[in-house]
Structure formats: structure tokens, C-alpha cells
Amino acid sequence: SPGICLSLSGMCVQILLARWLASPPAGRATVSLALGDDDRLKILQARAAAGSSNTNGLPAFSLPQAVACHLVDGADGVTRLAGAFEALEADGGELGFDTEWRPTSLYDGCPALPAAGSGPSLLQLATRSEVFVVDLLAIGADHAAAARFRRALDRALCAEGVQVLGFACKGDLAQLERSGWLAGRSRGEIAPRDLQSEASAAGYGVSRRQPGLKSLVAQLLGSALDKSLTLSDWAARPLSDAQIEYAAADAWVLLPLADALATLAPPPPPPPPRLRRRPSGPDERVRVASQRPSVWRRVPPPRASGCAWRGGAVSPCGIREAGLALSSPSR
């Protein structure tokens, strides 16, 4: 019978749902990384490299030759960085920033936040002509250099003429604050320009998902951004040249990407919602079904009592079915 069929269908759906919850579907598995588990980390790095190899024939993105890349891992590097921040504050401009950390888990191809107490390993800061890859682990070991770096970073991030650029930067700022690198005015008072949110508002992204940095670079800049080192061990020292170039490109690419987003036309406003008006009284009880043979319509109530209606008595609400014969009282 139909009832038995529906019951069996409901049981099948419950069984399939229970199996799906017990084991995540393929492509959305969550893999935990224990610190020091090099074999598991190598497997995830190979997966990321395989996913990053699909460039659809686009040229690889790389830093222009005119852009200098500096590794800041001591007092001399902090001095150079402070001078660049002073020039940026005087002239004005954009400052792209990004962070890197050793992932502790992987969900849907994205590294999760570092474990509590670990914090980011690198902080990349990019201007139009220079990129500074700050080794936070090395700077943190030198208290004098760390204090000077915090002051310079606080001054640059809060300068009036400096526009801070980030990509999905909420987590980056939270980790920098939690690890103590943001202090003074910059703690909780930075309002960066989040390029991911702007791209999502402009219509980029698939199925209500936020667009990724690699896809935006391919669509707006026509280049393939290498993301194969996303899951590398950023806490290991010394850093390789490939890691430094990767980190620098992740921060500097935000500058031309911001220029491309600024030239896009704003998306059209959404259409206004269609509202349905409900009847507010007995005289407005109207139900129109134009495709049905029987249509209920409101008719005016009789003017006087005792009026004779052909085909039946007068309805107390003044409603009749369309198509019935009706005779009005003689005037």
C-alpha cells in the first residue's frame, strides 16, 4: 500500500543519512595533524601539490623583478622594515598582509588554525616595491627586536594614509592578537579591506561559497597562483627559498588584485521582495484561482432584507460561487 511504501522510503533515507554522518563523504574528510607526524604531513602536501597543478594553461604568477623581497629575521631586518613603514606612512598607499602557520588539521582542502599557543610562524607585509617576510619565530626570540617590530607594525597599520589589504583576514588578525604581535592602537582597531568579501559581493564564488585566492587571481589577473606549499611546515627552520617566494607572492598579489576589483562595476541591486496582501475583513475575502473552473469572488451584500435570490438563500458574508445565477432586487 502507499503507506507501507512511504514508511520503507523513510527508513532507507534514515539509514543513508546515518551512514553519511558516520563517515564524511569523499573530498570533505577531516584529517588531524599531530606535530611531528611527518609522514601524514607529506601526504597532505602531495594532495595540495596535485590540486595546485591544474592551471588551465595560465602563466604562473611570480613577483615582478622590480619588487624586492626581504627576509626579516633579526634586528637589521627590523630596522629596514621600520624605514619602509615610515616612507609608506609619509607617501600613503596600500599595505598587503598575510600570515603562514603550520596546519594542525585539514578540512575540505583548507588548513585549520594553529593549535592554541602556537601562533603564526610568518607575517608577510607587501608594498608596491618591497615585500617583507617576517620570521616571527626568530624575531620573538630577540626581545629588543620584537618590541621595536611591534611599535613599527602598530604605527603602520593605524596610519591614516595607509590602506591595509587582506584576504579572509579575520583569522589572521585574531591569531596575531592572540599571540601578542598586535598591541597598542592596532589591537582590535584595524579595519582592513577584505578582498574576499568584496569579490563575493561582486558575484564571484560558487554555490554561496566564498571565492578562493587562487581562483580570483586566475579570473581577474589571468595568472596561476601556486598554492602547493600551503601545507608545508612553516615552523621548520631554515625556510627554503621556495617557501619565502611563496609567502611573498601571497601578500604582494593582493595589491594588483585590489586594483582589479576596484575597476569592476558594482553588482545590480536585488529585486524587491513580492509581498502578498491578506484579506483584512469579511468584505475582502477573495480567493481567485484563475486556472480553476470554480472561482470565488466577493459580491456586494444585499441592500435590503427579504431580497429573493434565484437558486438559493443569501449568503451572510455576501460570497457566492462564480457561474451561479443571481437576480438582484428590483430597483
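Reader: Which residues does Ile 190 touch, not counting residues up to four places away in sequence?

Author: Ile 190 touches Leu 157, Leu 173 and Leu 182. Keep in mind that this is a predicted model. Ile 190 sits in the loop between helix 6 (170–178) and strand 9 (193–194).

Reader: What makes Ile 190 count as buried or exposed?

Author: Its relative accessibility is 15%, and buried means under 20%. Ile 190 therefore counts as buried.

Reader: How many residues does the protein have, and what share of them is buried?

Author: There are 331 residues, and buried ones make up 33%. The protein has 10 helices and 11 strands. Of the contacts with a separation of 6 or more, 70% come from residues 24 or more positions apart.

Reader: OK, on to helix packing. Why are helix 8 and helix 10 described as oblique to each other?

Author: The axes of helix 8 (residues 213–221) and helix 10 (residues 254–262) cross at roughly 60 degrees. Roughly parallel needs an angle under 35 degrees, and roughly perpendicular begins at 65. The pair is therefore oblique. The two axes come within 10 Å, and the crossing is left-handed.

Reader: What residues meet where helix 8 and helix 10 pack?

Author: From helix 8 you get Leu 213, Leu 216, Leu 220 and Leu 221, and from helix 10 Leu 254, Pro 256, Leu 257, Ala 260 and Leu 261. By class, that contact has 9 nonpolar residues, no polar and no charged ones.

Reader: And what angle do helix 9 and helix 10 make?

Author: Roughly 25 degrees, with the axes coming within 5 Å. The cut-off for roughly parallel is under 35 degrees, so helix 9 is roughly parallel to helix 10. Asp 250, Ala 251 and Trp 252 of helix 9 make the contact with Leu 254, Leu 255 and Pro 256 of helix 10. By class there are 5 nonpolar residues, no polar and 1 charged.

Reader: Now the charged pairs. How do you know that Arg 128 and Glu 94 meet in a salt bridge?

Author: The N to O distance between their side chains is 3.3 Å, and the limit is within 4 Å. A search of the whole structure finds 6 salt bridges. This pair links distant parts of the chain, with Arg 128 in the loop between strand 6 (122–126) and strand 7 (130–135) and Glu 94 in strand 3 (residues 93–100), 34 residues apart.

Reader: What makes Arg 237 and Asp 135 a salt bridge?

Author: Their closest N and O atoms are 2.7 Å apart, against a limit of 4 Å. Arg 237 is in the loop between helix 8 and helix 9 (241–252) and Asp 135 is in strand 7, so the pair ties together parts 102 residues apart in sequence. Arg 237, at 33% relative accessibility, counts as partly exposed, whereas Asp 135, at 6%, is buried.

Reader: What about Glu 198 and Arg 193?

Author: Their side chains meet in a salt bridge at 2.7 Å, N to O. Glu 198 has 30% relative accessibility and counts as partly exposed. Arg 193 has 17%, under the 20% cut-off, so Arg 193 is buried. Elsewhere, salt bridges that share partners join Glu 94, Arg 128 and Asp 259 into one network.

How values were computed
Residues numbered from 1 in each chain as written. Predicted model: local features only at pLDDT ≥ 70, side-chain atom pairs only at ≥ 80, totals over all residues. Heavy atoms only, no water. Axes fitted to C-alpha atoms, helices over the stretch in contact; angles between N-to-C directions. Helix = DSSP H or I, 4+ residues; strand = E, 2+ residues; numbered from the N terminus. Parallel < 35°, antiparallel > 145°, perpendicular 65-115°, else oblique. Left-handed = near helix turned anticlockwise from the far one by under 90°. Contact = heavy atoms within 4.5 Å. Nonpolar A, V, L, I, M, F, W, Y, C, P; charged D, E, K, R; others polar. Buried < 20%, exposed > 50% of the residue type's maximum accessible area, 1.4 Å probe, protein only.
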